[in-house]
Amino acid sequence: MAIHSIFDYTSLRTEFEKSGISDHFIPLIWKHVVQNPSCDLDSIPSLPSAAYPLLRSKFRSMTSAVSSAVDSKDRVTTKLLIRLQNGTSVEAVIMRYDTRLGKYDGKPRPGGIRSTLCVSSQVGCKMGCRFCATGTMGFKNNLSSGEIVEQLVHANRFSKIRNVVFMGMGEPMNNYSSLVEAVQIMTGPPFQLSPKRITVSTVGIIHAINKFNDDLPNVNLAVSLHAPDQEVRCQIMPAARAFPLTKLMDALLSYQASSNQTVFVEYIMLDGVNDQEQHAHQLGKLLENLKSVVNLIPFNPIGTSSNYKTSKDQSVKKFQKILRGNYNIRTTIRQEMGQDISGACGQLVVNLSEQRSAGGASLLTDIEDLHIR
């Protein structure tokens, strides 16, 4: 039987309840483990005597381990390969940003470097998006809430993490209960991350979007749209057949009405597929009633077998100009990080033998700086 992560809250609380131990001890346990990730659970002070044999028999301080940590040439990005107790692996990416490059209320932000962690929620992915390397793995298994949180514990040993984005391997909303529990743990003691600094990305799982605000209020929602009409979307995202664009937009409008949150729209730019002027106009009309920020993402090659090419810079800038000028939609172009270590958007796939090379990137503005204030 698999040993549980100490951060699997539901399992830990259930075992404590069975033994008559108050769950008020759980934050104390977590604090000790965060400070001492490789500790023996017997070393945690001030617990009831009944807690120690229970913890020793059913839980581990960390059920995963960092197999490798690879820095980009510019040291802005670090990709962690994390081995799980079932023998599979996931990747998590630390991205360092310079706050001074962004603005708040029209003024430069104070401070310096801060770090965002891109976490994985599944080993592989069921969605099969044709431009994404993770989709080539197929789906292996869901991560438990503890396995998701352990990525944050590992990452904090490399860089103090301020923001978390669920944009790594897997579709977070296909692992909904673990997603919700992991975020709740991250926003509570001892991590105390602000919900406003956590972003969950989805291809558009409608039934999950419908309950997202109730379960995770103030957490940011990002939608991988990638095409302005159903036909093109289905060509590049086979799973879109189950989530028609008209119904997805209805769900997003309903979500926004209840949450009053800006929706982030992710749009990967594929040369000749979804990057033409007519696509920009279609997208502008599609989003006209939604308060959104569109993030145009340059396509990152996923190997020689890829059927897609990166859009030309001129096409991307024209696309942005149409959305901004014709439809008054806040539109950014993502500056990619970690291409040289295959840690950029769409490149996460467990492949220990492959190393790509590319030019480094300079320090970037953070995802928070995309927010409409």
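Me: Is Ser46 buried or exposed?
Reply: This is a predicted model, in which local features need pLDDT of at least 70 and side-chain atom pairs count only at pLDDT 80 or more, while totals for chains, interfaces and linings use all residues. Residues are numbered from 1 along each chain as its sequence is written, and side-chain values use heavy atoms, with hydrogens and water left out. Buried means under 20% relative accessible area, exposed over 50%, and partly exposed in between, with a 1.4 Å probe and protein chains only. Ser46 has a relative accessible area of 57%, so Ser46 is exposed.

Me: Where does Ser46 lie, and what is its phi?
Reply: Helices (H or I, at least four residues) and strands (E, at least two) are DSSP runs, numbered from the N terminus. Ser46 lies in the loop between α2 (26-35) and α3. Most residues other than glycine have a negative phi. Ser46 is not a glycine, yet its phi is positive, at about 65 degrees.

Me: Is His226 buried or exposed?
Reply: His226 is found in the loop between β13 (220-224) and α7. His226 is not a glycine, but it has a positive phi of about 65 degrees. Its relative accessibility is 5%, so His226 counts as buried.

Me: Which residues does Phe243 touch, not counting those up to four places away in sequence?
Reply: Phe243 belongs to the loop between α7 (230-236) and α8, and it is buried because its relative accessible area is 14%. Contact means heavy atoms within 4.5 Å. With residues up to four places away in sequence not counted, Phe243 touches Gly204, Ile205, Ile206, Gln230 and Arg233.

Me: What is the omega of the cis peptide bond that joins Pro189 and Pro190?
Reply: Pro190 is placed in the loop between α5 (176-186) and β12 (198-202). Most peptide bonds are trans. The bond that joins Pro189 and Pro190 is cis, with an omega of about 10 degrees.

Me: Are α6 and α8 roughly parallel or roughly antiparallel to each other?
Reply: Axes are lines fitted to C-alpha atoms, for helices over the stretch in contact, and angles run from 0 to 180 degrees between N-to-C directions. Angles under 35 degrees count as roughly parallel, over 145 as roughly antiparallel, 65 to 115 as roughly perpendicular and the rest as oblique. The axes of α6 (residues 206-215) and α8 (residues 245-259) come within 9 Å and cross at roughly 5 degrees. Therefore α6 and α8 are roughly parallel.

Me: How are α1 and α3 oriented to each other?
Reply: Helix α1 (residues 9-18) packs against helix α3 (residues 51-58) with the axes 11 Å apart and at an angle of about 140 degrees. The two helices are therefore oblique.

Me: Which residues of α1 and α3 make the contact?
Reply: From α1, the contact uses Leu12, Glu15 and Phe16. From α3, it uses Ala51, Leu54, Leu55 and Lys58.

Me: How many helices and strands does the protein have, and what share of its residues is buried?
Reply: The secondary structure comes to 10 helices and 16 strands. Of the 373 residues in the protein, the buried share is 56%.
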